[in-house]
Amino acid sequence: MNAAATTHTNCLRCGRTLRNPTPDGYGPKCRTKVRKAAVDLADYKAHQVTSARELIEDGAIIPLRSVVFIAVSTDGTETYRTAPTACTCKAGLKGSRCYHQLAARMLLAA
Ligand SMILES: [Zn+2]
Ligand SMILES: [Zn+2]
């Protein structure tokens, strides 16, 4: 199953019913907030920030519960469990800061 292909009928951030279901699962106002969310990016490289934003815009990271998200790999074949300080992708398991974690932080800061 490709989590990114799910069509959301409720906003992932505020839970309101979406009049027009959106692929990324956010209502227009919440999407704006998510994209503008202020996160400390000092620990991340520019390409990681870009990847994290793309992940969010593509709807490839979705909330699972409280601070845990499901992130879809770039090629769509794998999913990872992602939290702001941990991730089950290869980099995350080695203790590196991956862009999945950054995306989770951005979503939680919104
Ligand atoms: Zn909303
Ligand atoms: Zn990761």
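Residues are numbered from 1 along each chain as written, while chains are lettered from A and ligands numbered from 1 in written order. In this predicted model, local features need pLDDT of at least 70, side-chain atom pairs count only at pLDDT 80 or more, and totals for chains, interfaces and linings use all residues, with side-chain values taken from heavy atoms, hydrogens and water left out.

**Exercise 1.** Find which residues coordinate the zinc ion (ligand 2), and work out the geometry of the site.

*Solution.* 
- Step 1: Start with the donors, meaning N, O and S atoms within 2.8 Å of the metal (3.2 Å for Na, K and Ca); water is not among the atoms, so sites may look incomplete.
- Step 2: Cys87 (SG), Cys89 (SG), Cys98 (SG) and His100 (ND1) coordinate the zinc ion (ligand 2) at 2.0 to 2.3 Å.
- Step 3: Along the chain, these donors have the spacing C-x1-C-x8-C-x1-H.
- Step 4: The angles between the four donor atoms run from 106 to 113 degrees, so the arrangement is tetrahedral (four donors with all angles between 85 and 135 degrees). For comparison, the ideal angle for four tetrahedral donors is 109.5 degrees.
- Step 5: Check burial, where buried means under 20% relative accessible area, exposed over 50%, and partly exposed in between (1.4 Å probe, protein chains only). Cys98 is buried because its relative accessibility is 5%, and His100 is buried at 4%.

**Exercise 2.** Now describe the protein donors of the zinc ion (ligand 1) and where they sit in the fold.

*Solution.* 
- Step 1: Helices (H or I, at least four residues) and strands (E, at least two) are DSSP runs, numbered from the N terminus.
- Step 2: Cys14 counts as partly exposed because its relative accessibility is 39%, whereas Cys30, at 8%, counts as buried.

**Exercise 3.** Characterise the largest pocket by its volume and lining.

*Solution.* 
- Step 1: On a 1 Å grid over the protein atoms alone, a pocket is an open set of points with protein on both sides within 12 Å along at least five of seven lines, a cavity is a set where a 1.4 Å probe fits but cannot get out, and lining residues have an atom within 4 Å of a point.
- Step 2: The volume of the largest pocket is about 290 Å³, a volume being the space filled by probe spheres set on the points, which are joined across faces, edges and corners.
- Step 3: Its lining includes Cys11, Cys14 and Cys30. Strand 2 supplies the largest share, five residues.
- Step 4: By class, five lining residues are nonpolar, four polar and three charged (Ala, Val, Leu, Ile, Met, Phe, Trp, Tyr, Cys and Pro count as nonpolar, Asp, Glu, Lys and Arg as charged, and the others, Gly among them, as polar).

**Exercise 4.** Characterise the largest cavity.

*Solution.* 
- Step 1: The structure holds one cavity of 30 Å³ or more, and the largest cavity has about 40 Å³ of space.
- Step 2: Val34, Arg35, Arg53, Ile56 and Glu57 line the largest cavity. Helix 1 and helix 2 are the elements giving two or more residues to that lining, and helix 2 has the largest share, three residues.
- Step 3: The lining of the largest cavity has two nonpolar, no polar and three charged residues.

Technical notes:
Four donors count as tetrahedral if all angles lie between 85 and 135 degrees; four count as square planar and six as octahedral if opposite donors are over 155 degrees apart and all others between 65 and 115; anything else is irregular.
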